[in-house]
Amino acid sequence: MKARQVPPVVKRLGWVSFFTDAASEMIYPLLPALLSTFGAAAVWLGAMEGIGEAVSALAKWRIGSVVDRGGQRRKPLIVAGYGLATLVRPLIALATAGWHVVVFRSIDRVGKGIRGVPRDALVAESTAYEALTTAYAFHRMMDNAGSVLGPILAFALMQGFGLSLRTVIALALVPGLAAVATLVFGVHEDPQGPEPPRVEKPIVRSGSPLATPVRRYLVVIALFTLGASADSFLLLRVIDLGLEAAYAPLVWIVLSGVKSLSNMPGGWLGDRLDARRTLAFAWGFYAAIYLVAPHITGALTFAAVIVIYGIYHGLAEGSERALLAQLAPPETIGRAFGALHAVTGLAVLPENLLFGALYLRHVTLAFTFSAACALVAAVLLLAIVPAPRPAPRSD
C-alpha cells in the first residue's frame, strides 16, 4: 500500500459517517423548535445536551477495555453503535414531552459512545503508520460533509415539499439505514492489514493501562478542551453583532463546508510535517482567531472570521486522533481512544458553562481565556509529549 493511500475500509467507514451525520444533522437544528412546543425549551435543551454528552463520554470510557479484549473483532461493536442510533433517532418524532426528547437523544448518544472507540481503533489498525493523519482526516472530511448535507435536506423537505417538522425527523431513518447497510455489507476487517502503530519501548506505570506519553497527551488535550468553547458561541456572537437569526444556519453550513474542504489538506500536512507539530500549529491558529474575534464589531466581518476559523478543524481533527494512534501501544489502543473521547466528552459541560459565564461578564475575557488555554496547550504539547516514532520492525 502506498504510504499515503487511504485504505478501502477507511473510505467505507467515511461513507458510513457521511450518511450518519446527514441523518443526525437533519434532526439537530429542528430540536429547539420541537422542544419549544412543550414549553421550557431552554431547560430541556440544556438537559438534552448535558446528559447526552455525559452518557456518550461514559460509554466511550467503558468501551475502551472491551475493544482491547476483543482482539481484531471491532465490527460488531461498530454495527451495534450505529444500529442503535439509527433506530432510536427517528423516534424523537413521536415525542409528546420534553423528557421524551432527552431520553431518545441520550440513547442516540450512547450509540455514538459504543461505535467511536472501535471505529477509531479499526482505522489505526487498517492504515500504514505514515498515512494515519490522512486516514483520520478523510474520515472527518466525510463526517463534516454529512453535516453540510443534513440541514440542506431538512430545509428542502420542509420548504420545498411542505413536510412537517415531525415527518422530517422521522425521515432521518433513511440516511441512517444507508449508513448501517454500508457498514454491514461494505466494511470488512482485514487481519492481514498494516502492522498497528506503536511507539518505541512504551512506558506503562504499574496499575495504569496507558503509556506515559499517552497520559501526558491526554493532560494537554484536557487543558485545551477546558478552554475550547462550543462553536455555537460564535453564532451567538455574530447574532449579537446584528446578523439576522435566519442567516445563522447558512453560516453554520458554510462553516461545516470549510471544515470538510480543509480536512484532507490538514491530513496531508500532518503526515508530511508530523501530527504533533500540525496539531500544535492548529491550536495556535485557534488562539489567533479567538484573540482577534472579540475586537470585531461588524456582523459580516465576524461571519467571515467564523468561516476562516473552520480551517482550524481541518488542521486539528485528523492530527488529534493520529497522534494518539501513534503514541499508544496496540494492546491498549482501545483504552487510549476511550480515554480521549471521555476527556473531551466530559469536558463539554464545564467548558461551556465556564465560557458562558465569562461571556456574560465580558466578551473579551471569554475569548481571551480560550486563546490562552490553546496557546499554553500548544506549548506543552511540544514540550512534554514526545514525537512518536514507529518501533523497528523485525524481519
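**A walk around a predicted model**

Visitor: Which helix is Val254 found in?
Guide: This is a predicted model, where local features need pLDDT of at least 70, side-chain atom pairs count only at pLDDT 80 or more, and totals for chains, interfaces and linings use all residues. Residues are numbered from 1 along each chain as its sequence is written, and side-chain values use heavy atoms, leaving out hydrogens and water. Helices here are DSSP runs (H or I, at least four residues), numbered from the N terminus. Residues 248-273 form the helix that holds Val254, namely α11.

Visitor: Does Val254 count as buried, partly exposed or exposed, and why?
Guide: Buried means under 20% relative accessible area, exposed over 50%, and partly exposed in between (1.4 Å probe, protein chains only). Val254 has 36% relative accessibility, so the label is partly exposed.

Visitor: How are α9 and α13 oriented to each other?
Guide: Helix α9 (residues 212-227) packs on helix α13 (residues 299-327) at about 155 degrees, with axes 9 Å apart. Those axes are lines fitted to C-alpha atoms over the stretch in contact, with angles running from 0 to 180 degrees between N-to-C directions. Angles under 35 degrees count as roughly parallel, over 145 as roughly antiparallel, 65 to 115 as roughly perpendicular and the rest as oblique. So α9 and α13 come out as roughly antiparallel.

Visitor: Which residues of α9 meet α13?
Guide: Contact means heavy atoms within 4.5 Å. On the α13 side, the partners include Tyr312, Glu320 and Leu327. From α9 come Pro213, Val214, Tyr217, Ile221 and Phe224.

Technical notes:
Helix = DSSP H or I, 4+ residues; strand = E, 2+ residues; numbered from the N terminus.
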